[in-house]
Structure formats: C-alpha cells, structure tokens
Amino acid sequence: MEKQYIRVYIKTRWLLGLTATQIHDELTTAYGQGVVSYCTVNRWVQRFSNEQESLEDNPRSGRPITVITQQNIDAAKDLVNNDPHISIDYIAAILDISHGSVDAILKQHLGLRKITSKWVPHKLTQEQRRIDICIENLQKLESGTWRLCDIVTGDETWIYHRKIKSKEQSKAWVTKDESSPTQIKFILINVKIKEI
C-alpha cells in the first residue's frame, strides 16, 4: 500500500477523534501485520496535532540525487571511449561524483560491463584459429567497437599500444553484446645450452 494512502487514512481517522493506537489497530486489522508501524502512525498523528497539514515528507539534508545528469552521462561515455580500461574510481574523481553514481551511469544508463581481456597467444599457429581471430578483429574495427590505434599487427607478432600489466588492469568496459577485448599473453621459454 502506498504511503500517501496510509497518511490520508491516518489524517482522516485523527480528524474523527481516534487515537494513534486505535488507528494503528484498524490499519493492522484491515491490511495485516507490518503494513505500518505504531511509531509511524504516532509520528503522523503528532504532526497533524501540531497543525502541519502536508502529507509529504519533510525535506532532508544531504547530497541531492541529481548527479546522474545527461552531462555526467556524456562525460563518462567520453572518458570510457578514450580509455576502455579506466576505473570507476578514476571517473568518480574526475567528475566529482560518488562511486555508486558512476557505477549506475556505466551499467544502467550506458549499458556497459567491465570484463577481463581475452588472452591471445604470442605466436599464432593454424590450430589457434588465426583466420577466426582476424575476422573477429576486422568486424570489431568495422563496427567501431575497436579503434585502429588500439592494436598494431605484424606478421607473427601482436603488440598492444598500451602496456597492460595485470589481470585487473586488463579489464575493459564493453557493451553487453560485445565480446571481450584481446591481450597478448607472453610465454617465457627457458632454453638450456650445453657446453661441449
């Protein structure tokens, strides 16, 4: 049941001369236990007794819920487009809004999710789907989800323009239908040399 209906009922029954206890008992009988607490009924009866006519809550102090504006949404989108690996904390610091607001902007308003990059072997062989990976990369470039400046390719070596050190740092913001970005996985090989 909506708060406004309960407040109207409390006010009406109070105008008819009922006490807070009687009003609470009627509401509990009609709508069941837990519809409204006795403290709430008593608070509203006291408020109406002090000639406060409004059924609205009193204004509260604190940060207004206006930080999720179109301006902040556009600014967050630009930051993510410039650097898909950017963190929520960094965006929050730049835009001077809370971590939770940035999280809501990215996930609810922009429909993004942060996923770990897909590891791609350093040396590609035929068994490692070279053609499939090339077609997937071409589709990403053509659809605009990837920028040409993000990756430099050569004959057998893939080099990322951005040096990514850890798994956490390799996470990138992508849309829900977009696949994970790729990252080179370097494999160190120990070579033993025999002296003759």
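A contact here means heavy atoms within 4.5 Å. The model shown in these figures is predicted.

**Figure 1. Overview of the protein chain.** Of the contacts in the protein chain with a separation of 6 or more, 62% are between residues 24 or more positions apart. The protein chain holds seven helices and six strands. Along the sequence they come in the order α-α-α-α-α-α-β-β-α-β-β-β-β. The protein chain has 196 residues, and 31% of them are buried.

**Figure 2. Helix α3 and its buried side.** Helix α3 takes in residues 38-49, twelve residues in total. At 1.5 Å a residue the helix should span 16 Å, and its end C-alpha atoms are 16 Å apart, so the two values agree. Val41, Trp44, Val45, Arg47 and Phe48 are the buried residues of α3. Around the axis they cover an arc of only 160 degrees, and therefore they lie on the same side of α3. The cover over these buried residues of α3 includes α1 (3-15) and α2 (20-31). Just after α3 comes glutamate 51, with a positive phi of about 65 degrees. Most residues other than glycine have a negative phi.

Figure 3. The 13 residues of α4 should span 18 Å at 1.5 Å a residue, which agrees with the 18 Å between its end C-alpha atoms. Which residues of α4 are buried? They are Asn72, Ile73, Ala76, Leu79 and Val80. Seen down the axis of α4, these buried residues fall within an arc of 125 degrees, so they line one face of the helix. The background is a rule about helices: an α-helix has 3.6 residues a turn, so residues three or four places apart point the same way. Turned away from the buried side of α4 is a face that carries the exposed residues Gln70, Gln71 and Asn82. The elements that cover the buried residues of α4 include α5, α6, β1 (112-115) and β5.

**Figure 4. The crossing of α4 and α6.** Helix α4 covers residues 70-82 and helix α6 covers residues 99-109. Their axes come within 10 Å and cross at roughly 80 degrees. Angles of 65 to 115 degrees count as roughly perpendicular, so α4 is roughly perpendicular to α6. On the α4 side, the contact is made by Asn72, Ile73, Ala76 and Val80. On the α6 side, Ile105, Leu106 and His109 take part. The residues of this contact of α4 with α6 are five nonpolar, two polar and no charged.

**Figure 5. Histidine 85 in the loop between α4 and α5.** Histidine 85 is located in the loop that joins α4 to α5. Is histidine 85 buried or exposed? Its relative accessibility is 14%, so histidine 85 counts as buried, the cut-off being under 20%. Histidine 85 and threonine 116 are 31 residues apart in sequence. In space they are 9.7 Å apart, C-alpha to C-alpha.

**Figure 6. Helix α5 and the two sides of it.** Helix α5 consists of residues 88-95, and its residues Ile88, Ile91, Ala92 and Leu95 are buried. These cover an arc of only 100 degrees around the axis, which means that they are on the same side of α5. Asp89, Tyr90 and Ala93 are exposed on the other side of α5. The buried residues of α5 pack against α4, α6 and β5 (172-175).

**Figure 7. The crossing of α5 and α6.** The axes of α5 and α6 come within 9 Å and cross at roughly 110 degrees. The two helices are therefore roughly perpendicular to each other. From α5, the residues Ile88, Asp89, Ile91 and Ala92 meet His99, Val102, Asp103 and Leu106 in α6. The residues of this contact of α5 with α6 divide into five nonpolar, one polar and two charged.

Figure 8. How does aspartate 96 count, as buried or exposed, and what is its relative accessibility? Aspartate 96 has 60% relative accessibility, so it counts as exposed, the cut-off being over 50%.

Methods: Residues numbered from 1 in each chain as written. Predicted model: local features only at pLDDT ≥ 70, side-chain atom pairs only at ≥ 80, totals over all residues. Heavy atoms only, no water. Helix = DSSP H or I, 4+ residues; strand = E, 2+ residues; numbered from the N terminus. Expected span 1.5 Å × (residues − 1). Buried < 20%, exposed > 50% of the residue type's maximum accessible area, 1.4 Å probe, protein only. Arc of directions from axis to C-beta. Axes fitted to C-alpha atoms, helices over the stretch in contact; angles between N-to-C directions. Parallel < 35°, antiparallel > 145°, perpendicular 65-115°, else oblique. Nonpolar A, V, L, I, M, F, W, Y, C, P; charged D, E, K, R; others polar.
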